[in-house]
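Hi,

Here is the model I promised to pass on to you. My notes follow below it; have a look at both when you get a moment.

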Amino acid sequence: MRKDTSAFVNQLLVWLLVTIGLGGSAGLVTVWMRHQISVTAKANRDLAAQIARYDRLVDETRTQIETEQASDKLRHLNTALGLGLVPMNQIPVVHVTDNVVERLARRANAGVLADGSAPAAPLRVSLPGF
Amino acid sequence: MSKGFASSRRMVLLGSTLLLCYAALGVRLVWLHVVDRDALLKPLAKVRPMLIPESARRGDILDARGARLATSRSEILLGVDPHSLLPRDERKWAELASLIELPETELRQRFQPRFRRAGVRGEEGDDTGEAPIPFALPVASGGEEEQRPITWVKLREDVSESLYERVRRLDIRGVYGIRHYRRVYPSNELAAHVIGYVNREHQAAAGIEAYADFYLRGQQGWRVGERDGRNRELPQFASREVPRRDGYSVVLSIDSTVQDIVEQELAQIAARFEPRKASIVVSDLDGFVLALANYPSFNLNEFNKVPKAEEARMKNAAVADIYDPGSVFKIVPAAGALEERLVTPLTVLDCTMDRMAHRGRMLSLPAEDHKMGNLTIAEILSHSSNRGAAQLGMMLGEERLERYARAFGFGAKLGFPVGGEVAGILHPHRRWYPIDITRIPMGHSVSSTVLQMHQAMAVIAAGGVLLRPQVIREIRDSANETVYRYGRMELGRAVSPRTASQVASMLVGVTRKGGTALEAAIEGFDVAGKTGTSQKFVDGQWSKKHHIASFSGFFPAARPKVVITVIVDDADHKAPGGVAYGRTVAAPSFKRIGERLIPILDIRAGAAAVPALLVARHEGGAR
C-alpha cells in the first residue's frame with residue numbers, strides 16, 4: 001500500500017509540474033499574443049492616423065495651390081510683377097469658310113511669287129524684216 | 001525498488017504547499033473576477049471608456065473644369081489646460097508665442113491657472129471653460145461653493161496642420177489642439193451667389209452648399225474604446241466602430257473661366273455706370289448655367305464681415321429680384337402670333353396708330369420713342385416697336401398671350417436650385433385690366449426674374465423648348481466616381497422649332513444695321529438678341545430717370561452655342577444722355593463677353609446664313 005501511495009504521489013507531482021509548466025507556457029503565450037495584438041492594433045491605429053495626417057496635409061497644400069491660382073490673385077501678380085499678360089481676347093483659330101484647296105493654293109503661290117524669285121524680264125519678239 | 005524522493009515527507013509537504021498556494025491564488029482570482037468584479041469595474045467603467053468622434057470631410061464643390069470652388073481644410077483649435085502646465089516647459093513658452101503670433105505677455109496671461117465657481121458656465125464666445133471635446137475628463141464636482149478649475153483656454157483657432165506640427169514638436173504638456181474642418185473658398189468672390197457658404201456653426205447657409213448639403217456633408221464616424229491612465233487610446237479594446245463617410249463632391253456646370261469673364265464685365269459695368277444692381281447669366285443650350293453673377297457681391301471667405309446694412313449684396317438678385325422685362329418680352333407675342341399663324345415674318349402692321357379697337361373697346365396704344373411707320377414683324381422686333389408688339393398681343397388675345405407667356409417661363413418658378421427663386425408676377429388673364437393687353441406685350445404689367453428673361457430667350461435658342469435652368473452637372477463620391485449625372489430637363493415646348501427658327505432669324509436684325517443694338521454685334525457671327533429698357537416704379541410713379549437696361553441674346557444665330565443675358569439696374573446717372581438704354585448699357589457688355597467666349601468655348605460661326613428678307617429694312621430705333 002505504501003509503495004502504491006508513493007507512486008501516486010510521484011505521478012501527481014510529475015503531472016503537477018507538467019501542468020504548471022504547460023499552464024505557465026499557455027499563460028505566457030496568451031500574454032505575448034495579447035501584447036502582440038495590442039502592438040498590432042496600435043500600429044494599425046498609428047498608420048491610420050498617419051495616413052489621415054498626410055491626407056490632411058495634401059488637402060492643405062491643394063487648397064493653398066487653388067487659392068494661389070485664383071483669377072484675382074493671378075491678375076494681381078500680373079500687375080505686381082509687371083508681366084504684361086493679357087486675356088485671350090483674339091480668336092486664335094481662323095475658320096475657313098471658302099474653298100480650302102483654292103485658299104491653300106493662293107497662299108502657296110503668293111509665297112513662291114513674292115519670295116526671292118527674279119523679276120520677269122520683258123519679253124521681246126523680233127520678226128524678220130523688222 | 002528504491003524508496004524514491006517522493007517518499008520523503010518533505011516532498012509531500014512541498015507538493016501540498018504548492019497546491020495550497022495555487023488554490024489560494026485561484027480563490028483570490030475567483031474573488032476578484034466574480035465576487036468583487038462589479039465593485040472593481042465600476043470606477044474603471046466610468047473612467048476608461050472613451051467615445052472618439054471622427055469628423056467627416058465635407059465634399060468639394062468643383063467647377064465644370066474640375067477647379068475647386070469650395071473645399072475643406074483641416075484646422076486646429078489650439079488651447080491650453082493651464083492646470084496641466086509644467087514648470088520645466090516654461091522656457092518654451094516664448095517660442096510658442098512666436099509660433100502662434102500671440103504676444104508673450106498675452107500667452108502668459110492665458111497660461112495662468114484660473115477657477116470658476118461651480119455651476120457658472122462660460123458666456124457664449126468666451127474662450128475659457130472645459131475642453132470642447134466629448135471625451136474630456138470629468139471634473140470632480142463638489143458643493144456650490146467649490147471652485148472649479150478652468151481646464152480650457154483658447155489660444156488660437158485657425159492653426160494649420162503644418163503649424164500644429166511645429167507646436168507639437170515643442171512638446172509642452174497641457175497645450176493641445178482640437179481638429180476640425182474649415183470651409184475654404186479658394187476663388188473668394190467667384191460665383192459667390194451660386195456656391196453659397198457654410199456658417200461658423202458648420203451649417204450650410206446658402207447656395208449649393210445648402211441645396212446639396214445632403215451630398216456634401218458626409219456622415220460622422222465614431223468609435224468606442226478605452227484609454228489608459230495617460231488618456232491615450234488603447235486600440236486593442238475598441239469595441240464598436242462606425243467609420244466616417246466623407247461627403248460627396250458636387251460638380252457644377254459653372255465654368256470658372258466664363259464666370260471670371262462675367263465678373264470682370266460686371267466690375268467694368270460697376271466702374272463705368274455705378275448701377276444699383278446688375279446681373280449677368282450665361283448658359284449653354286441644354287439649360288446648364290455656365291456663369292451667373294450679380295453686382296454687388298461678397299467674399300465667401302469673409303461672409304461674416306458683410307455689414308448688416310449691406311446684407312442685400314448676399315442675395316442672388318438674378319433669381320430673387322423681379323423686374324419688368326421690358327422689350328425682351330416682345331419675343332413672346334411675336335413667337336405666339338407666328339406659332340398661331342396669325343402673321344408671317346413679312347406681315348406688315350401699321351405702327352403709327354395711337355388707338356385701336358379691341359373687344360369692342362378703343363384702347364390707346366403705348367407711345368414709341370420715335371416715329372415708326374408700317375413695319376414687318378421682323379422690323380417690329382428689330383426696331384422694338386411698342387405699338388407693333390401691342391397689336392401682336394391683341395391679335396393673340398388675353399388667353400393665348402398668357403398661355404404663351406407661361407410657356408416661355410414667366411409667372412412660375414423655373415426650379416433653379418439656389419438663391420431663393422421667386423415666381424415673378426404674371427396675373428391670370430381674367431384679372432387683367434383692359435389696357436394690359438397693350439402693355440404686357442411690351443414687357444410692362446408683368447414682372448420676372450433675370451433668369452426668367454434669360455430662359456425665355458433660351459427657348460428661341462433651343463428650338464422652342466423651355467428648359468429647366470440647372471447648375472449641378474454631377475455628384476461624385478469621395479473616390480471621385482460619378483454617382484449621379486444630371487441631364488437636360490425640358491419643362492415643355494413653347495413653340496415649334498420652325499417658329500423658334502423664324503424668331504431667331506428676326507432677332508438677328510436687332511444687332512444689324514438699323515436694329516436697336518448694333519453694339520451687341522460680334523464680327524463674323526450672326527447674333528440674335530433683344531434689348532430691353534423699362535422704367536422703374538419710384539415714389540408711386542413710373543420714373544423717367546430710373547431705368548432697367550437689358551440685353552438678352554445668343555449666338556451664332558443659326559446654331560446657337562451660348563445664351564447671354566445682361567441686366568443693369570438704375571445706371572441712368574452715368575449713362576449717355578442720362579437714360580440707361582439696353583442698347584448703350586447692356587448690349588456692349590454682351591458683345592465683350594461674347595467675343596471672349598469664342599475661343600474659350602470654341603464657338604464657330606454657323607455656315608447657314610440668316611435670310612436677308614428677315615433683317616430690318618429700316619434704320620433707326622431707340623429701345
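Helices here are DSSP runs of H or I with at least four residues, strands are runs of E with at least two, and both are numbered from the N terminus.

First, some housekeeping. This is a predicted model, in which local features need pLDDT of at least 70 and side-chain atom pairs count only at pLDDT 80 or more, while totals for chains, interfaces and linings use all residues. Residues are numbered from 1 along each chain as its sequence is written, chains are lettered from A and ligands numbered from 1 in the order in which they are written, and side-chain values use heavy atoms, leaving out hydrogens and water.

Among the buried ones are R387(B), L392(B) and M394(B). At the start of this helix, a side-chain oxygen of S385(B) comes to within 3.5 Å of the backbone nitrogen of R387(B).

Chain A has 3 helices and 0 strands. Of its 130 residues, 12% are buried.

Now for the interface. In chain A, 33 residues are in contact with 44 residues of chain B, contact being heavy atoms within 4.5 Å. The two chains bury about 3,200 Å² between them, 58% of it on carbon and sulfur atoms; buried area is the accessible area (1.4 Å probe) that two parts lose on being put together, summed over both. On the chain A side, R45(A), R56(A) and E60(A) lose the most area to chain B, together 19% of what that side buries.

The rule finds 7 salt bridges across this interface, each a side-chain nitrogen of Lys or Arg within 4 Å of a carboxyl oxygen of Asp or Glu. One is formed by E233(B) with R45(A), their closest N and O atoms being 3.5 Å apart. On the side of chain A that touches chain B, α1(A) gives the most, with 22 residues.

Finally, L85(A) lies in the loop between α2 (71–80) and α3 (100–114) of chain A. L85(A) is exposed, with a relative accessible area of 59%.

Enjoy exploring!

Best wishes

Notes: Buried < 20%, exposed > 50% of the residue type's maximum accessible area, 1.4 Å probe, protein only. Polar contact = N/O pair within 3.5 Å; in protein donor to acceptor, adjacent residues only side chain to side chain.
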